[in-house]
Amino acid sequence: MVEVNVWCQNRNMSSLVEDIVLWFTKTHNIKDIGVSVFLKDRYKDIDCWGLCGKTSNTNYHISVCTDQSLRDFVATLMHELVHVQQWVNEDWTGTGEREAQSKQYLLADKFWKSKKRDL
Ligand SMILES: [Zn+2]
């Protein structure tokens, strides 16, 4: 099971974030982890669009800024989830940045397409 906790003021945002994390972990066959996502209102709160960290063998923290376009926001969250996947599989090249950057918008668009199918 994947447990998702979202920390933010906005309820609509938290269900979207939960959807994305569960979609990502399901499509990448990631199981038995906990993901806490912290939504930040302003870029200057963390001085970057997104951050992630590993807090234990099975727990991960992600921070994402909400003051960007929805597509960029979703792509940033995907970017951080690629890092989570790298940790889970203990598999990355260099800093892992190149893989995360090359996949973030593809994943964001794939997620929206899967949502459209559900409607
Ligand atoms: Zn990164």
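Reader: How many bridges join strand S3 to S4?

Author: This is a predicted model, in which local features need pLDDT of at least 70, side-chain atom pairs count only at pLDDT 80 or more, and totals for chains, interfaces and linings use all residues. Residues are numbered from 1 along each chain as its sequence is written. Strands (E, at least two residues) and helices (H or I, at least four) are DSSP runs numbered from the N terminus, and two strands pair if DSSP finds at least two bridges between them. S3 covers residues 50–54 and runs antiparallel to S4, and the bridges that join them number 5.

Reader: Which residue in S4 stands opposite Lys-54?

Author: A hairpin joins S3 to S4 through 4 residues. Across this pair, the residue in S4 opposite Lys-54 is Tyr-60.

Reader: Which residue in S4 is the bridge partner of Val-35?

Author: S2 and S4 run parallel and are joined by 7 bridges. Ser-36 stands opposite His-61 in S4. For Val-35, the bridge partner in S4 is Tyr-60.

Reader: What is the order of the strands in the sheet?

Author: Strands of a sheet pair through backbone hydrogen bonds, either parallel or antiparallel. Here the sheet is open, has 4 strands and shows mixed pairing, in the order S1-S2-S4-S3. Its edge strands, each pairing on one side only, are S1 (2–7) and S3.

Reader: What angle does the direction of H1 make with that of S1?

Author: Axes are lines fitted to C-alpha atoms, for helices over the stretch in contact, and angles run from 0 to 180 degrees between N-to-C directions. Two residues are in contact if their C-beta atoms, placed from the backbone, lie within 7 Å. H1 packs on the sheet, touching S1 and S2, and its direction makes with that of S1 an angle of about 150°.
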